[in-house]
Amino acid sequence: MASLDKTSVRSQVEKVRKDFEQLRSDGKVSPEVQAIMSSMLMIVELILAIFLERTTKKNSANSSIPPSQTDKDNSSLTDPGSKGKGKKADGETVKNRRTIETLTIVPVDYCDKCGADLRQVGCTHERRTKIDIIFEKVVEHVEVEIKQCPSCERVIKGKFPVDMPGPLQYGLGVQAFIINLLACQMVALKRAQALVYSIIDVVIAEATMLQFILRLHAALENWEVRATEKLLLEAVMHVDETSLRVDKTNYWIHVHSAGGITLKKLHRKRGIKAMEEK
């Protein structure tokens, strides 16, 4: 018996259908036979669709195949030719940064084969790009003049900028970087201290770094009050709680979100007890 592939099977079924349509047009098929043949052809089409069409490849999501035996999922690649993983990160970039971009043209003056002069010959360009990071520490010194009035002998001193209240302070860039390490990236305090030292060559005390967090907390106090009021006015609110170890003790982060507002609070208890105490 000759073997049949998908194309030949479909062509044979189509031939049978055309022959049947021709017989029916010629009036050589009774109504009863027409009804039976139409039903049979429909069943044949259904069988072909089930057994001859492409089937979904089985993986850990639609079968008992374990994830370790599932083929690599490339659905998250940015484009078919890309070897990167994941999607682009969302969110805004930092504001206190600068980008130094240069363009160097490498001329072609002579032919490296015959030595012909190519300086007046038109050209096209091929570009290659290198991106690098150079950490830059910005140290700003401000000196005010101190003078003694010759009339009243009073000592007069110039005024320092408002953001320089003491002999040494750290700018918003350093503070934001440390807050990002501690609060967002969950980096350990000593690791954050070592990382900052490697960049600015200054050891910032752990207590000072924690003060940056406390200042941010105080600055966001008014925002927290307004956010709570807006959340309570929402018709629907999403709430959730996730455990978090604090000083070897289990706490719970309670999350409340609606619209564009997300409010998180840390509490020792979970569920209704915590909600009633807050």
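Predicted model: local features only at pLDDT ≥ 70, side-chain atom pairs only at ≥ 80, totals over all residues.

Student: OK, how many helices and strands are in the protein chain?

Tutor: The protein chain has seven helices and five strands. Reading from the N terminus, the order is α-α-β-β-α-α-α-α-β-β-β-α.

Student: And what share of the residues counts as buried?

Tutor: Out of 278 residues in the protein chain, 11% count as buried. The accessible surface is about 24600 Å², and carbon and sulfur atoms make up 56% of that.

Student: Let's do strands. How do β3 and β4 run, parallel or antiparallel?

Tutor: β3 and β4 run antiparallel, with nine bridges joining them.

Student: What does histidine 256 pair with in β5?

Tutor: In β5, histidine 256 has leucine 263 as its bridge partner. β4 and β5 are antiparallel too, joined by seven bridges. Further along that pairing, isoleucine 253 has leucine 266 in β5 as its bridge partner.

Student: And the turns, which residues take a positive phi in those hairpins?

Tutor: The β3 and β4 hairpin has two residues between the strands, and there aspartate 247 takes a positive phi near 50°. Lysine 248 lies in that loop between β3 and β4 as well, and its phi is near 65°, again positive in a residue other than glycine. The hairpin of β4 and β5 also has two residues between its strands, and there glycine 259 has a positive phi near 60°.

Student: Buried or exposed, for methionine 186 and lysine 248?

Tutor: Methionine 186 is at 57% relative accessibility, so it counts as exposed. Lysine 248 is at 76%, so that residue counts as exposed as well. The cut-off for exposed is over 50%.

Student: Switching to serine 257. Where does it lie, and why does it count as buried?

Tutor: Serine 257 lies in strand β4. It counts as buried because its relative accessible area is 18%, and the cut-off is under 20%.

Student: Which residues does serine 257 touch?

Tutor: Leaving out residues up to four places away in sequence, serine 257 touches Leu231, Met237, His238 and Thr262. Take leucine 231: it is 26 residues from serine 257 in sequence, while the C-alpha to C-alpha distance is 7.3 Å.

Student: Now a lysine in a strand. What about lysine 147, buried or exposed?

Tutor: Lysine 147 is in strand β1 (residues 146-148). Its relative accessible area is 53%, so lysine 147 is exposed.

Student: What does lysine 147 touch?

Tutor: Arg154, Val155 and Ile156, not counting residues up to four places away in sequence. Lysine 157 is 10 residues from lysine 147 in sequence, and their C-alpha atoms are 6.4 Å apart.

Student: Last topic, pockets. What volume does the second largest pocket have?

Tutor: About 1300 Å³.

Student: How many residues line the second largest pocket, and which lie nearest its centre?

Tutor: There are 28 lining residues, with Ala183, Ile213, His217, Lys264 and Leu266 nearest the centre. The elements that give two or more residues to the lining are α3 (172-184), α5 (206-219), α6 (221-233), β3 (238-246), β4 (249-258) and β5 (261-267).

Student: And how does the lining split by class?

Tutor: The lining of the second largest pocket has 20 nonpolar, four polar and four charged residues.

Note on methods: Residues numbered from 1 in each chain as written. Heavy atoms only, no water. 1 Å grid on protein atoms, 1.4 Å probe; cavity = no way out; pocket = protein on both sides within 12 Å on 5 of 7 lines; lining within 4 Å. Points joined across faces, edges and corners; volume = space filled by probe spheres on them. Helix = DSSP H or I, 4+ residues; strand = E, 2+ residues; numbered from the N terminus. Nonpolar A, V, L, I, M, F, W, Y, C, P; charged D, E, K, R; others polar. Buried < 20%, exposed > 50% of the residue type's maximum accessible area, 1.4 Å probe, protein only. Areas by Shrake-Rupley, 256 points an atom, 1.4 Å probe, with all protein chains shown as cover. Contact = heavy atoms within 4.5 Å. Pairing = 2+ DSSP bridges.
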